[in-house]
Amino acid sequence: MKYLIRIAVVLILLSGTASLLTGQTLKERIDQAREIKVYFRNADIISKANTNVEIATTISESGCENLKEKTPLPEVYTETLKQVIGLLNKGFNTTAFVAGKFSDINDLPLNSEGELNWLKLGEPLTFFVSTSGAYYTRKQPHESVKEHSLEVNSYLHIFAVSNGKIKELLDKFLLTVKSPVVKSNKCEDYAFFVKNFPLESLAGPFETKLVAAVNDIIEKEMSKYDKAMKKKK
């Protein structure tokens, strides 16, 4: 009988521990980690000519085909993105954040939803910054003129392992930067976009928005941490 009671007590304690872990703030998880890898996926600048537009949107199909040319995300953006590690270390008062090797996640298998299976990475806490850009061609309804532009976007995802399962702690759209629109009456070629939308032209606004977005996340998470610590007193 005493043996059964002892097992019951252990199970209760384990249950309480699991509940505590799932209820932790991000700052608490960071403080418990020796090392937290930040992975960056920087996609090529591609063409998005809106050849297939969802129903009930205010944008019509452009009538143009996507261009085949692709351009790697310029170094000025990739270097700017590296600031994220320093911002996280400073904001969360830690030295745990380091850059992860892209090859480690490039080889990850996909889960049933067709996304990277972060559980297979074997890390308790992971930060993932995904950045992409595109030359866009859009057309307003009932108009023939085409609207061309360049846009660069960045997202932040935070994954944690809890009770042997992966949990996405944060899925955050960080920023988008857009060039002024250049209009024309036809579908343009790659040379047109290269001439009218220098890729480095959005680097300044990109850096400003990135720093502001990351600091905003840190501020909100630290506020949650401070409130949690006050409740424990």
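Glutamate 221 is buried at 10% relative accessibility (buried is under 20% relative accessible area, exposed over 50%, partly exposed in between, with a 1.4 Å probe and protein chains only). This is a predicted model, where local features need pLDDT of at least 70, side-chain atom pairs count only at pLDDT 80 or more, and totals for chains, interfaces and linings use all residues. Residues are numbered from 1 along each chain as its sequence is written, and side-chain values use heavy atoms, leaving out hydrogens and water.

**Salt bridges**

- There are seven salt bridges in the structure (a side-chain nitrogen of Lys or Arg within 4 Å of a carboxyl oxygen of Asp or Glu).
- One of them joins glutamate 221 to lysine 224, at 3.5 Å from N to O.
- Those two residues sit three apart in helix α7, so about one helical turn separates them (helices are DSSP runs of H or I, at least four residues, strands are runs of E, at least two, and both are numbered from the N terminus).
- Lysine 224 is partly exposed, at 47%.
- Another bridge pairs lysine 37 with glutamate 123, with the closest N and O atoms 3.7 Å apart.
- Lysine 37 is in strand β1 (residues 36-48) and glutamate 123 in the loop between α5 (102-106) and β3 (125-138), so this pair ties together parts 86 residues apart in sequence.
- Lysine 37 is partly exposed at 23%, while glutamate 123 is buried at 14%.

**Lysine 230**

- Lysine 230 belongs to helix α7, which covers residues 203-232.
- With 64% relative accessibility, lysine 230 counts as exposed.
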